[in-house]
Amino acid sequence: MNIKDYILVIAEKPKSAEKIAYALGNPKKYRINGVPVWFVMRGTSRFVIAPAAGHLYTLHTESKGFPVFDYKWVPKYIVEPESIFTRKYLNVLSMLAKNAKEYINACDYDIEGSLIGYMIIKNIGDIKRSKRAKFSSLTASEIVRAFNNLLPLDYNMIEAGYCRHILDWLWGINVSRMLMSIYRSVFNEKRILSAGRVQSPTLSYVVNIDLQRKTHVPVPYAYPSIKIFIDNKIFKLIPIDSPFNSLSDAKEYLENIKRDPRATVLDIIVRDERIEPPHPFNLPDLQSEAHRIYGFTPYKTQKLAEDLYLEALISYPRTNSQKLPPTLNNREILEKLSQNIVYRTLVKTLLAETRGILRPNNGPKEDPAHPAIYPTGEGTLKGLSKDHIKLYDLIVRRYLATFANPAVVQYVRIEFIVHGRRYYLSTNIVRSRGWLQYYPYIHFNGEEISLKLLRKGLQIPIHEAKIVIHFTKPPHLPSKISLVKWMEEKGIGTEATRAEIVETLFKRGYLYMRGRGSGVSELGILISFLLKDYVEELISVELTRKFEERLNMILNMKAKCDDIVEEAKEMLLKYINRVKSLDIQTLRAEISKYIEMSDNNGRRCMICKRSVYANNLCIFHNIALENIRSAYETWRKFGFSWTQYLEKLLKLKSTGSYVKEVCRHLIKQGEF
Ligand SMILES: [Zn+2]
């Protein structure tokens with residue numbers, strides 16, 4: 001190839017390079033060393049469009065040991081064996097960069113895409129002769145618009161991305177090396193262990209819930225169960241007041257009912273409620289709904305959405321925005337959507353009932369880089385999997401729904417009083433479907449309650465009354481989606497990274513799937529407790545969020561990368577030097593608190609092989625024992641003797657595993 005004077009366009013991936021090439025004109029495709037490259041004339045300008053493969057550069061150090069603060073950016077394929085495939089992309093780009101007269105970064109428009117293109121141009125091109133293309137979807141019109149309005153390089157986004165990588169790298173390598181060094185000195189064995197700035201607080205959250213479950217002692221409470229007839233239908237009243245904490249109080253109440261079995265109507269509330277249409281999707285909302293409706297994990301949803309984006313079917317999915325911009329031509333999108341037979345009638349209905357006035361119900365969340373996720377009306381679903389189509393359908397329906405009229409739901413609530421305790425019945429009936437026609441995934445309809453015979457003060461005979469004993473339950477093990485939501489709620493990680501961080505915890509073997517929840521492995525527990533004991537502040541949600549906020553401040557130039565990195569270094573140094581000064585005996589004693597060690601010379605727990613913490617038990621069995629003791633007071637009020645109590649705990653499903661082990665031990669010992 002012997003051409004010069006061309007503009008080199010760098011795309012994030014081959015698929016997006018192809019879309020860009022076809023949007024710009026009539027491209028010719030070549031393959032250079034297996035990498036697809038497109039040549040296209042646009043007016044008098046010659047463009048060469050070549051793909052990266054995500055990040056081509058990464059951080060690396062040659063220093064051994066820790067703390068380590070010297071790093072440099074190097075081509076990824078040199079230091080990561082699993083990234084060897086990126087070598088050919090970098091080689092082809094280097095070759096093309098030599099003769100290019102200008103460079104355009106056309107990677108996805110977010111901090112990662114800005115950094116990917118910047119690192120390439122900086123290392124093999126010339127940043128002085130470069131521009132940025134900003135687009136939110138890969139449709140031809142959007143790409144052409146971006147190329148007609150090229151921007152200078154977006155240094156704020158580059159610096160934010162750059163800083164995030166450095167911060168994550170410094171944190172990860174130092175804390176991981178610290179963990180590995182502790183492990184090696186105690187177990188005389190090398191093991192790859194990893195920690196992460198956002199990953200570790202998340203692990204710690206799961207470990208905490210896991211421990212609550214394992215040390216959970218169910219506590220009894222009693223609720224009256226009362227049934228009445230309304231218009232020949234049986235209804236079970238739902239209690240409003242708090243339950244009975246002693247069996248004698250509950251029995252006395254039941255006696256009162258038997259003597260005078262009547263419920264009095266306290267109040268009847270009937271009102272129509274307008275339920276506004278849903279907001280346009282951002283990535284967290286899409287992940288949450290795709291999980292609720294189709295059971296997709298957040299990571300799966302993100303991958304599927306990225307594929308739909310690369311097919312130009314939807315706008316850029318890694319967005320936090322719940323707003324559709326006023327400049328978006330919704331009318332045109334609806335017309336294109338109506339060419340798909342599946343949506344034709346829906347679009348027609350929507351245009352009729354809104355009289356063509358398309359106002360989205362925008363939500364409060366914003367994203368400086370992208371609007372909310374919307375279907376482009378273009379692209380083809382041919383060749384896509386069933387799951388891709390399900391997700392696309394969800395996005396289209398949500399988009400349609402946000403323009404639609406509110407749904408009207410009639411809400412009925414009847415309150416009763418029975419011997420001084422309040423109860424209620426409630427139901428919802430959809431009166432006007434509104435947006436529910438387009439997005440039918442929310443169910444309001446309940447059982448109809450006939451109001452014709454009811455009035456305030458009416459006394460209704462009680463059909464059946466009894467006392468039901470319930471037991472408190474431990475918290476659920478969090479599912480992948482609830483972990484992503486937890487991170488979002490705490491303000492740690494970004495919408496683009498959260499799902500992947502959760503996957504990493506599973507890949508490292510710290511978490512594993514247990515039913516629909518996340519179980520924690522022994523290794524996950526050990527890592528989490530070591531971090532908690534030695535670098536607690538570093539894995540705190542508060543510090544992690546503080547750094548996230550600082551990183552976001554780079555975007556509007558309110559913070560500088562160098563300052564943030566310096567601050568992080570200081571924090572790391574403070575903690576790591578403390579750990580480095582610990583001797584092996586101390587470390588051994590520490591680890592034997594959490595895992596069963598074969599060569600633990602100290603005193604052992606009476607139940608397991610961990611070292612003794614208190615009461616001749618390890619730290620975990622001791623928590624279980626304390627919980628058993630403190631819960632007994634309530635059980636006594638329900639007529640249980642100590643032995644009956646322990647035996648009952650062994651039978652209940654919600655009793656934690658450590659608690660059951662302690663119960664067995666206490667029964668065997670005959671301890672009272
Ligand atoms: Zn133990």
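What volume does the second largest pocket have? The second largest pocket has a volume of about 780 Å³. Of its 29 lining residues, Asn320, Thr494, Glu495, Asn552 and Leu555 are the closest to the centre. The model is predicted, so local features need pLDDT of at least 70 and side-chain atom pairs count only at pLDDT 80 or more, while totals for chains, interfaces and linings use all residues. Residues are numbered from 1 along each chain as its sequence is written, and side-chain values use heavy atoms, with hydrogens and water left out.

Pockets and cavities were located on a 1 Å grid over the protein atoms alone: a pocket is an open set of points with protein on both sides within 12 Å along at least five of seven lines, a cavity is a set of points where a 1.4 Å probe fits but cannot get out, and lining residues have an atom within 4 Å of a point. Grid points are joined across faces, edges and corners, and a volume is the space filled by probe spheres set on the points. Helix 4 (111–124), helix 6 (155–187) and helix 17 (541–555) each supply at least two residues of the pocket lining, where helices (H or I, at least four residues) and strands (E, at least two) are DSSP runs numbered from the N terminus. Helix 17 gives the largest share, 6 residues. By class, the pocket lining comprises 8 nonpolar, 8 polar and 13 charged residues; Ala, Val, Leu, Ile, Met, Phe, Trp, Tyr, Cys and Pro count as nonpolar, Asp, Glu, Lys and Arg as charged, and the others, Gly among them, as polar.

The count of cavities of 30 Å³ or more is 5. The largest cavity holds about 100 Å³ of space. Its lining consists of Leu167, Trp171, Arg197, Leu538, Leu543, Thr544, Phe547, Ala568, Met571 and Leu572. Helix 6, helix 17 and helix 18 (561–580) are the elements that give two or more residues to this lining, which divides into 8 nonpolar, 1 polar and 1 charged residues.

Helix 15 (residues 498–507) is mostly covered, with 8 of its 10 residues buried (under 20% relative accessible area; exposed is over 50% and partly exposed in between, with a 1.4 Å probe and protein chains only). The buried residues are Arg498, Ala499, Ile501, Val502, Glu503, Thr504, Leu505 and Phe506. Their cover includes helix 7 (199–214), helix 14 (480–490) and strand 16 (511–514). Gly509, with a positive phi near 85 degrees, follows helix 15.

Thr202 is placed in helix 7 and counts as buried because its relative accessibility is 0%. Not counting residues up to four places away in sequence, Thr202 touches Leu483, Trp486, Met487, Ile492 and Leu505, contact meaning heavy atoms within 4.5 Å. A polar atom of the Thr202 side chain lies 2.8 Å from the backbone oxygen of Val198.

Leu151 is found in the loop between helix 5 (140–148) and helix 6. With a relative accessible area of 33%, Leu151 is partly exposed. The C-alpha atoms of Leu151 and Lys251, 100 residues apart along the chain, are separated by 76 Å.

UniProt lists "domain: Toprim" (unreviewed entry) at residues 6–139. This span is 31% helix and 33% strand, with its end C-alpha atoms 23 Å apart. UniProt also places "domain: Topo IA-type catalytic" (unreviewed entry) at residues 154–576; UniProt positions are given in the numbering used here, feature names are shortened, and annotations may be inferred rather than shown by experiment. Residues 154–576 are 45% helix and 18% strand, and their end C-alpha atoms lie 36 Å apart.

Conventions. A polar contact is a pair of N or O atoms within 3.5 Å; within protein, one must be able to donate a hydrogen and the other to accept it, and residues adjacent in sequence count only if both atoms are side-chain atoms.
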